[in-house]
Amino acid sequence: MDVKEAIEKRRAYRSLIPVEITKDLIYDLAECAQITASCFNNQPWRYIFIYDKKMLKKMNEALSSGNEWAYKASMIIVVLGKKEDDCVIHDRIYYRFDIGMATSAMILRATELGLVAHPIAGYSPRKTRENLGIPDDIDVIALVIVGKQSDKIDKVLTEKQVEAEKERPKRKDIDEFVYMNRYIEKK
Ligand SMILES: Cc1cc2nc3c(=O)[nH]c(=O)nc-3n(C[C@H](O)[C@H](O)[C@H](O)COP(=O)(O)O)c2cc1C
């Protein structure tokens, strides 16, 4: 699969079936983060790969309403980071940018391997911290829900979520966010 194909194939699917999680898979994904660019090569990313069944079940209580589909996760990747671990240049704070790039690389690799890797913001950082022993000075930036796409729509999905399984949610037109040569206020 080439890069463009992986970008096009990646979808935030919510109807999941189990997939076997091996240490090889975890290291394969982690390697993609490892070689990602970062400001001053600071490599601010930290990930917890949760695949133990009991720990996954415990994480259900941290998921927000509307994310019940994620109870079927075979793995949850907890994306962590600290502002102090990366460049801060006046008001420019880079850790979330670099961690986003690394996480995107992992998501695309997971896509290439035929997996769903769906990032979510709908969780309780407090419960996630409690469950996993994450100290308060480390941000819980996102969770990535990993599984395999089911060919059957999960019954817990809302109408809108069912639509999103069938068709990629609508995007802005390119001209709404692309500027040529200079910034011009768009109406
Ligand atoms: C930072 C972030 C947070 C998200 N949070 C959730 C979430 O809590 N629940 C959910 O079902 N999807 C979540 N999504 C998935 C988006 O809804 C999805 O990417 C978007 O609708 C576009 O669909 P597509 O990724 O299939 O193209 C999140 C995505 C990102 C990048």
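Predicted model: local features only at pLDDT ≥ 70, side-chain atom pairs only at ≥ 80, totals over all residues.
Residues are numbered from 1 along each chain as its sequence is written, and side-chain values use heavy atoms, with hydrogens and water left out.

Let's start with H2 (residues 23-34) and H4 (residues 95-112), whose axes come within 8 Å and cross at roughly 140°. Helices here are DSSP runs (H or I, at least four residues) numbered from the N terminus, and axes are lines fitted to C-alpha atoms over the stretch in contact, with angles running from 0 to 180 degrees between N-to-C directions. That angle is why H2 and H4 are oblique to each other; the label covers whatever is left once you take out under 35 degrees (roughly parallel), over 145 (roughly antiparallel) and 65 to 115 (roughly perpendicular).

Who touches whom? On the H2 side you'll find Asp28, Leu29, Ala30, Cys32 and Ala33, meeting Ala102, Ala105, Met106, Arg109 and Ala110 of H4. Contact means heavy atoms within 4.5 Å. Sorted by type, the residues of this H2 and H4 contact are eight nonpolar, no polar and two charged. Nonpolar means Ala, Val, Leu, Ile, Met, Phe, Trp, Tyr, Cys and Pro, charged means Asp, Glu, Lys and Arg, and polar takes the others, Gly among them.

Now for H3 (residues 53-60) and H5 (residues 125-132), which pack at about 155° with axes 10 Å apart. H3 and H5 are therefore roughly antiparallel. Met55, Lys58 and Met59 of H3 meet Thr128, Asn131 and Leu132 of H5, a contact made up of three nonpolar, two polar and one charged residue.

Methods:
Helix = DSSP H or I, 4+ residues; strand = E, 2+ residues; numbered from the N terminus.
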